[in-house]
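Student: I would like to learn how to read side-chain features in a model like this one. Could we take surface and rings in turn?

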Amino acid sequence: MTTSQSNDLLAAAAGMDTPATYAWTQEQVVHSLEYSTVADVATGIRELLDAQDLVVDDPEDFATSCATALASGHLVLQGPPGTGKTTIVRVLAEAFGAELMSSTATADWSTFDVIGGLRPTESGALAPHLGCVADAVLRCAEGIRSSPSQPVWLMIDEMNRADIDKAFGQLFTVLSSTSADHLERSPIDLWFESRERRELWVPRQFRIIATINDVDASFVNTFSQGLSRRFQFVSLGVSTDAASVQAEIAATYAQARSWFVEERGAQAEDVPSDAPDAVVTILLGLFTALRNFDSVNWPVGSAQILDLWKAVLLATNGAGDDGAQAAALERAIRDRLVPQATNLDDERLGRLLGIFAEDGPVPMDGAWKAVRHLRNSASTF
Amino acid sequence: MMRVKPSLLFRDGLDLWLGETFPKGVGSRPQSQFTPLCPFRSSMRTLERASGFMAQIAAGQTIAGDVGQIVGDLRSMALVEPGKMSLTPLGTRSLQTWNALLSGRQVSPDVAEVVRATALVRAALTLNDTDYVAMFKFWAELRKFQRGSFWWQDQYHQFFPAYFNHTDSRGFNPLRLTLRAAGTIGEADDWLELADAGGLVNGASLKGLIEQKIDGWRPGGPRAFMKGMEANRAAATGATHFYATTKEIWA
């Protein structure tokens with residue numbers, strides 16, 4: 001039972017007229033987002049990112065872009081896998097004081113999944129079902145009705161897995177502006193609901209933050225120009241300069257160390273608080289080369305560095321000598337990182353091979369053989 | 001929040017107050033002016049339990065269990081007629097509303113209990129049941145000082161207002177004096193210290209009684225009933241306030 005249904009029951013028990021319609025949502029349109037200034041929100045975003053050891057390229061510019069976009073409308077956060085998009089969306093909502101609902105798009109999404117439709121019940125009858133956007137809009141209106149400063153936002157993860165125009169096309173008009181005048185004129189048409197519930201108004205404070213993966217070839221759907229205009233796009237790149245990569249390596253080590261202490265029940269003092277130099281040196285050379293446009297140009301994100309750190313800590317039980325840590329890292333690179341390179345074309349695989357070659361910047365025999373195997377397999381198909 | 005030391009606030013007035021409040025000695029409850037914050041009695045701690053017995057009585061079925069105790073408790077809640085094995089108008093209306101709202105729905109026990117309490121309070125106010133009206137007025141008075149969740153937070157906050165809300169012949173009332181002075185009832189230990197300072201009344205210890213009552217207190221039913229009163233209070237002030245209050249009720 002949803003909170004809304006519990007509230008309806010309570011209202012009925014207290015002798016109030018239960019809201020049989022969604023007409024009341026029209027009254028929630030007018031409340032605007034509450035924040036002091038975009039600059040203050042941007043500062044809040046940076047602080048939240050720091051607090052969670054989340055590393056983004058040019059954090060000041062990134063935070064300002066996101067704060068500006070969300071102050072006026074909906075946002076698409078695009079970037080390669082492993083850059084923390086999903087976590088960052090939560091940070092953005094928190095910075096605006098919004099609660100977040102989330103949904104992950106799939107290739108077979110349609111308007112049923114986004115707006116809603118009729119769904120068979122156990123008794124065989126058809127009952128209205130709200131799609132993810134309509135449901136989030138309703139919850140946002142409920143939240144604002146309870147407290148005007150508590151909106152609910154929707155995160156749509158991996159939005160470009162869906163056929164975007166097909167699934168979201170009916171929302172074109174609604175999404176085109178967050179002005180009160182526009183939204184009061186443009187309720188969502190819930191054709192499948194009873195006449196009294198057919199119109200659902202979108203609060204001014206409602207936002208959609210979508211994430212899209214702009215690297216993986218399995219993500220084939222693109223935004224039409226019509227829908228692109230309804231969102232502001234902010235890219236989440238990966239750092240390529242050595243100083244930023246080094247900071248990212250240190251931050252991910254801190255995350256991995258916390259994870260290890262909790263996961264293994266280890267004593268925090270038994271796991272060094274500073275990242276081991278030997279591993280840092282290898283990771284710095286590797287990730288700088290991988291991400292560099294003139295080299296492999298493979299935008300591997302922080303999540304991949306974090307995975308490597310976790311593997312090293314597990315293999316060395318939190319603290320080993322340089323040799324043991326380097327060996328654990330090499331195994332992790334071979335077994336966890338290299339298999340993710342399947343989408344690289346032959347030329348870039350060749351450059352990746354060069355990185356791990358005996359005379360390359362990060363010589364690693366095991367990783368070199370794994371890349372060679374990958375390249376040979378790709379050419380076979 | 002200001003810390004209240006009741007024993008310092010009214011050290012001198014306690015003995016007379018105790019003597020007048022418990023004229024027959026410190027028994028199971030004060031004998032006069034007692035306005036509780038829930039209608040429950042010893043065997044009837046929740047409305048879910050009451051509803052089962054009420055349905056059996058309404059259907060003319062035999063009640064399983066200690067019939068005398070169960071029916072006695074339902075009568076003291078004004079849900080069963082005195083001297084008869086039938087529901088009062090309040091019992092009938094409450095049971096009908098509970099069935100209409102909850103039958104066939106998947107509702108969590110906590111939500112259902114608050115819904116039952118809300119409907120019971122609503123019915124009692126509509127039928128102008130004297131005891132429930134007094135409880136509701138007392139609740140509204142307490143709400144002027146603190147939010148609902150302050151009063152239903154634990155057994156101490158549920159228990160102390162009713163037990164110290166007695167005015168002696170000089171106009172001395174520990175609860176009202178404390179609320180006027182500090183806006184809160186303060187700490188449980190302070191009240192126990194006050195009760196201890198009063199010593200014995202007719203051979204029984206007020207502190208001992210309070211400790212015994214607190215130990216046996218089951219806060220779930222009283223909490224839901226207070227929430228039911230709060231839902232009715234909020235409903236009377238309009239939809240906007242009502243829906244704002246639901247957050248606190250479900251928290």
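Tutor: Let us begin at the surface, keeping in mind that this is a predicted model. In chain A, L118(A), L126(A) and W191(A) together make a nonpolar surface patch of about 310 Å².

Student: Where does L126(A) lie in chain A, and is L126(A) buried or exposed?

Tutor: L126(A) belongs to strand β4, which covers residues 126-130 of chain A. Its relative accessible area is 55%, and because exposed means over 50%, L126(A) counts as exposed.

Student: Turning to the rings, how many aromatic pairs does a search of the whole structure find?

Tutor: The search finds 13 aromatic pairs over all chains. One of them joins Y156(B) and F160(B), whose rings are stacked, at 6.2 Å centre to centre with 15° between the planes. Both residues lie in helix α9 of chain B (residues 155-164), where they are four residues apart, about one turn of the helix.

Student: Which relative accessibility does Y156(B) have, and which relative accessible area does F160(B) have?

Tutor: Y156(B) is partly exposed, at 30% relative accessibility, whereas F160(B) is buried, with a relative accessible area of 1%. F160(B) also pairs with F159(B): the ring centres are 5.7 Å apart and the planes stand at 70°, so this pair is edge-to-face. F159(B), like F160(B), is buried.

Student: Which residues form one aromatic cluster with these?

Tutor: The cluster consists of Y156(B), F159(B), F160(B), Y163(B) and F164(B). Elsewhere in the chain, a charged side chain meets a ring: R170(B) lies over the face of F172(B), at 5.7 Å from the ring centre.

Key. Residues numbered from 1 in each chain as written. Chains lettered and ligands numbered in written order. Predicted model: local features only at pLDDT ≥ 70, side-chain atom pairs only at ≥ 80, totals over all residues. Heavy atoms only, no water. Phe/Tyr/Trp six-rings, centres within 6.5 Å; stacked < 30°, edge-to-face > 60°. Helix = DSSP H or I, 4+ residues; strand = E, 2+ residues; numbered from the N terminus. Buried < 20%, exposed > 50% of the residue type's maximum accessible area, 1.4 Å probe, protein only. Lys NZ or Arg CZ within 6 Å of the ring centre and 35° of its normal. Patch = residues over 30% accessible without salt bridge, like charges linked within 9 Å, V, L, I, M, F, W, Y side chains within 5 Å. Areas by Shrake-Rupley, 256 points an atom, 1.4 Å probe, with all protein chains shown as cover. Salt bridge = Lys/Arg side-chain N within 4 Å of Asp/Glu carboxyl O.
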